[in-house]
Amino acid sequence: MSGLVNILVIIAVLALVVRRQLRPQRIDTERRFWVVPAVLAVIALRDPDLLDPAHRAGAIALLAGSLLVVAAMGTVWGWTVRIGRDPDGGVWVRGTRATAAAWGGMIAARLGLFGLAAALHIHQSTNALLLSLAVLLLVRGAVVNWRARDLEPVQGIPTVG
């Protein structure tokens, strides 16, 4: 895929995710939360220019560091959402102020990594960002599903306070 198409996919996925964070959202813990991240990862990994051929070692180190950072941020994101189970067994999640702060930190970290890449003259394709988004969504989904597994039913839909 071209860089422009990747950017449009990234913006669309982020818009959908952020919109869902702003209101209570019922999630299906039986659903395969890893499908969208897997599709994004396959799209990203198909690109032969994922790594800068002129700076291969630096590009690998930067990509690995980037994936570790977004995995950590996905973990933080998964722990900052409010989560509860209704009497019917449905699981509800909603972002909190801490979730918004986590998003701000994640954006700052990504900008810092892009700045570091630019300072080192390492070209990063949009597929690296797409792969990072896949890791972020996968880790967040895993954390939320893990947290939801042992929830007891409560009266009413959880609210954010």
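Predicted model: local features only at pLDDT ≥ 70, side-chain atom pairs only at ≥ 80, totals over all residues.
Residues are numbered from 1 along each chain as its sequence is written, and side-chain values use heavy atoms, leaving out hydrogens and water.

I started with the largest pocket, at about 570 Å³. (On a 1 Å grid over the protein atoms alone, a pocket is an open set with protein on both sides within 12 Å along at least five of seven lines; a cavity is a set of points where a 1.4 Å probe fits but cannot get out; lining residues have an atom within 4 Å of a point. A volume is the space filled by probe spheres set on the points, which are joined across faces, edges and corners.) Of its 25 lining residues, Val-17, Arg-20, Arg-31, Leu-137 and Arg-140 are the closest to the centre. The lining splits into 12 nonpolar, 6 polar and 7 charged (Asp, Glu, Lys and Arg are charged; Ala, Val, Leu, Ile, Met, Phe, Trp, Tyr, Cys and Pro nonpolar; the others, Gly among them, polar).

I then checked the second largest pocket, at about 270 Å³. H4 gives the largest share of its lining, 6 residues (helices are DSSP runs of H or I, at least four residues, numbered from the N terminus). The lining has 11 nonpolar, 1 polar and 1 charged residues.

Cavities. My search of the whole structure gave 2 of 30 Å³ or more. The largest holds about 40 Å³, and its lining includes Asp-52 and His-123.

Notes:
Helix = DSSP H or I, 4+ residues; strand = E, 2+ residues; numbered from the N terminus.
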